[in-house]
Amino acid sequence: MLYEIDFLPVGDNEKSGDAISLRYSSDGGATWTIGVIDGGTQQSGEALCEHIPHYYGSDSVDFVICTHPDQDHASGLSCVLDNLDVSQVLMHRPWDHVDEIYHLVTDGRVSKDSLRRRLIEGHPYAYAVEEKAVAQGIPIIEPFTYAYHGIPNLTIVAPTRDYYLSCLVNFRSITEVTEDEQRSFFNALRRAATTVSNWIAETWDDEKLVDPAEDAVSSENNSGVVSLFTFGEKKALLAADVGVSGLREAINNAQALGIALNDFSFFQPPHHGSKRNVGPAVLDSLLGTKRPQGSSSEYTALISASKEGEPKHPSKRVVNALIRRGALVIATQGSAKNHFSSGMPGRGWQIAKPLPFYDNVEDD
Ligand SMILES: [Zn+2]
């Protein structure tokens, strides 16, 4: 099969996002399936609208996936819907699930209508995508594992509908109804404590990456879509911004579906390479355990990280952990990166420089 996956750069400063397009063909390039996974910011959305006609030679997009409603993923998709001819949108519609979660989240003092409004107002960029799709008559399907979507070569490995609802009850738009001030104070403190000032030595055999706490990642992030594309023998897994919980969900679902792990050709590490989203245990399950030092790489790990995102995006501990587990690690960091099968027409682009194994990593 022919395929190529493009990660467009998102963010000039330290804020990252995802803007991904791909196309694939099972008939030698006679017909293509074209998809977009997240649109990043307004600016990267505009870039996608130029990139697709220019490199894929088409204004038609077979499917758009909005992995989760955060601005850095959903914002640029409005532009894609405005400018390209989209056939299908895959996105969760949190505001449509109020009936299912209402009894779990309130004591009755808040009405269903007001919860629905909170979910809409809390996710304006995703809601705008829904509004545009509805206005244009584009079908919207909620991407749950086991839900039918009809897109060739794509398996939604996470979330199941049940797992999604278990995340939704903890969305900020819901919990801020009841959250006490003390907890918001600690959350603010935790967010502030992300700048790195110290570095520590790390070696191949002395892994500094640790399994993050269960609540290290927001429920919005854990609810995100994990997509698996199977191109003949090759498998590409894209993990949006999910954390350990969302990755475990993907691993369990993959096993239930009879999908082998540890043999991917392409992997998008979650959340722009943050160390809050992965730990040694989950990476061992997903990618296999540590290879002997000096082993050649077996697959590409492509991280969507902003130009000035380091050391948070990507974390050097995460980069090292991926290299230990057989990855050739590439990061966008300000320029578009293209991963392609053999047989794809050349673009005259330079071969991307992989990230090295770092001898020093961020200290906590
Ligand atoms: Zn993100």
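R172 is partly exposed, with a relative accessibility of 43% (buried is under 20% relative accessible area, exposed is over 50%, and partly exposed lies in between, using a 1.4 Å probe and protein chains only). R172 forms a salt bridge with E220, and the closest N and O atoms are 3.9 Å apart (a salt bridge is a side-chain nitrogen of Lys or Arg within 4 Å of a carboxyl oxygen of Asp or Glu). R172 lies in helix α8 (residues 172-175) and E220 in helix α10 (residues 219-222), so the pair ties together parts that are 48 residues apart in sequence. E220 counts as buried, at 1% relative accessibility.

This is a predicted model, in which local features need pLDDT of at least 70 and side-chain atom pairs count only at pLDDT 80 or more, while totals for chains, interfaces and linings use all residues. Residues are numbered from 1 along each chain as its sequence is written, and side-chain values use heavy atoms, with hydrogens and water left out. Helices (H or I, at least four residues) and strands (E, at least two) are DSSP runs, numbered from the N terminus.

**Salt bridges**

- Side chains of opposite charge can pair when their charged atoms come close.
- The count comes to 20 salt bridges.
- One of them joins D96 and R116, at 3.3 Å from N to O. D96 lies in the loop between β7 (89-91) and α4 (98-105) and R116 in helix α5 (residues 112-122), so this pair ties together parts that are 20 residues apart in sequence.
- D96 is partly exposed at 40% relative accessible area, and R116 is partly exposed at 31%.
- K208 forms a salt bridge with D206, with the closest N and O atoms 2.8 Å apart. K208 is partly exposed at 24% relative accessible area, and D206 is partly exposed at 33%.

**Sheet**

- An open sheet is formed by 6 strands in the order β9-β11-β12-β13-β14-β15, with mixed pairing (two strands pair if DSSP finds at least two bridges between them).
- β9 (154-158) and β15 (327-331) stand at the edges with a single partner strand each, so one side of each is left without a neighbour in the sheet.
- From one strand to the next, the twist averages 20° (axes are lines fitted to C-alpha atoms, for helices over the stretch in contact, and angles run from 0 to 180 degrees between N-to-C directions).
- Strand β13 (residues 266-268) pairs with strand β14 (residues 299-303) in the parallel sense over 2 bridges. F266 stands opposite T300 in β14.
- Helix α13 (residues 316-324) packs on the sheet and touches β13, β14 and β15 (contact means heavy atoms within 4.5 Å). The direction of α13 makes about 145° with that of β15.

**Zinc site**

- The protein donors of the zinc ion are D72 (OD), H73 (NE2), D241 (OD) and H272 (NE2), lying 2.1 to 2.2 Å from the ion (donors are N, O and S atoms within 2.8 Å of the metal, or 3.2 Å for Na, K and Ca; water is not among the atoms, so sites may look incomplete).
- D241 lies in the loop between β12 (234-238) and α11 (244-256) and H272 in the loop between β13 and α12 (280-287), so the pair ties together parts that are 31 residues apart in sequence.
- D241 counts as buried at 1% relative accessibility, and H272 is buried with a relative accessible area of 1%.
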